[in-house]
Amino acid sequence: MYARFWKRLFDIILSLFGLIALSPLLLGLTAAGAAVMRGNPFFIQKRPGMINPETGEERIISLLKFRTMTDERDHEGNLLPDEKRLNRYGRFLRTFSLDELISLVNILVGDISIVGPRPLLVKYLPLYSEEQRHRHDVRPGLTGYAQAHGRNAVQWEDRFAMDVWYTKHITLRNDIDILITTVKIVIKRDGIHSETSATMEEFKGSTEDSVITWEVPV
């Protein structure tokens, strides 16, 4: 009952309240981003949403965030690596997850939920195993079980295992626990970067040697 009805109702109420209550901050970040990034303060990217049961394919959504990286390019016109384009302002936004506050708009319109598997890149779709693709059985989320248990420091196989586990255990209690834990790790600034990247290393598909170290909660 919660997963089919109440979860969406709570998303609408909380996202609408958040947009109203945080409107001064959102306007301030918009102005600051426009100045620092010298232009558009918003970052819009296509991401996979929930699987449409009628087509069997993921709905592609436009995820809205505040920009944290510049458009600096090399002499050949290629974008510089993330660590080169992620400036001090962008690091500040990411540290406190302020870049994702504007995604409340996506929650309000039903693209994503407050809690759910994080929406990743469209180009990863062909790389998922059949089991990993079940992460798209539900709406993606602003935060999720994997984000509450390591953020970007979690290895891909463990992250996907957590995501799939969540899709089968959607309860009000779990969502509240995830939200509380997310707030704690944001305050502590844990897991912002992976061990090898300024953001999160690219997913290139699982291999036979891939190992899941995460243990299913009792």
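Contact here means heavy atoms within 4.5 Å. The structure is a predicted model, in which local features need pLDDT of at least 70 and side-chain atom pairs count only at pLDDT 80 or more, while totals for chains, interfaces and linings use all residues. Residues are numbered from 1 along each chain as its sequence is written, and side-chain values use heavy atoms, with hydrogens and water left out.

Helices (H or I, at least four residues) and strands (E, at least two) are DSSP runs numbered from the N terminus, and Lys7 lies in helix α1. For accessibility, buried means under 20% relative accessible area, exposed over 50%, and partly exposed in between, with a 1.4 Å probe and protein chains only. Lys7 counts as buried because its relative accessibility is 10%. Leaving out residues up to four places away in sequence, Lys7 touches Tyr2, Ser113, Val115, Tyr166, Ile170 and Asp175. The C-alpha atoms of Lys7 and Leu172 are 7.7 Å apart, although 165 residues separate the two along the chain.

Lys7 also belongs to the lining of the second largest pocket. Rolling a probe the size of a water molecule over the atoms shows where empty space is left. The search uses a 1 Å grid over the protein atoms alone: a cavity is a set of points where a 1.4 Å probe fits but cannot get out, and a pocket is an open set with protein on both sides within 12 Å along at least five of seven lines, with lining residues having an atom within 4 Å of a point. Grid points are joined across faces, edges and corners, and a volume is the space filled by probe spheres set on the points. On this basis the second largest pocket has a volume of about 160 Å³. Its lining consists of Ala3, Arg4, Lys7, Arg8, Asp11, Met50, Ser113, Val115, Val138, Arg139 and Ile170. The elements giving two or more residues to this lining are α1 (2-21) and β3 (113-115), and α1 gives the most, with 5 residues. Ala, Val, Leu, Ile, Met, Phe, Trp, Tyr, Cys and Pro count as nonpolar, Asp, Glu, Lys and Arg as charged, and the others, Gly among them, as polar. The lining then divides into 5 nonpolar, 1 polar and 5 charged residues.

Helix α1 also packs against another helix. Two packed helices are described by the angle between their axes and the distance between the axes. Axes are lines fitted to C-alpha atoms, for helices over the stretch in contact, and angles run from 0 to 180 degrees between N-to-C directions. For α1 and helix α2 (residues 23-36), the angle is about 65° and the axes are 4 Å apart. Gly18, Leu19, Ile20 and Ala21 of α1 meet Ser23, Pro24 and Leu26 of α2 in this contact. These residues divide into 5 nonpolar, 2 polar and no charged.

Arg38 is found in the loop between α2 and β1. Its phi is positive, about 55°, although Arg38 is not a glycine. With 78% relative accessibility, Arg38 counts as exposed.

Two strands pair if DSSP finds at least two bridges between them; strand β1 (residues 42-51) and strand β2 (residues 58-66) run antiparallel and are joined by 8 bridges. Among the paired positions, Lys46 has Ser62 of β2 as its bridge partner, and Arg47 stands opposite Ile61 in β2. The hairpin has 6 residues between its strands, and Gly56 in the turn has a positive phi of about 75°.

The loop between α4 (88-95) and α5 (104-109) holds Glu100, and the loop between α4 and α5 also contains Ser97 and Asp99. Ser97 is a residue other than glycine with a positive phi, near 55°, and is buried at a relative accessible area of 18%. Asp99 is buried, with a relative accessible area of 4%. Apart from residues up to four places away in sequence, Asp99 touches Lys65, Phe66, Thr68, Leu93 and Arg94. Glu100 is buried as well, with a relative accessible area of 17%. Neighbours within four places in sequence aside, Glu100 is in contact with Lys65, Arg118 and Leu142.

Finally, Thr181 is found in helix α7 (residues 172-188). A relative accessible area of 26% makes Thr181 partly exposed. Its C-alpha atom is separated by 5.5 Å from that of Ala148, 33 residues apart along the chain.
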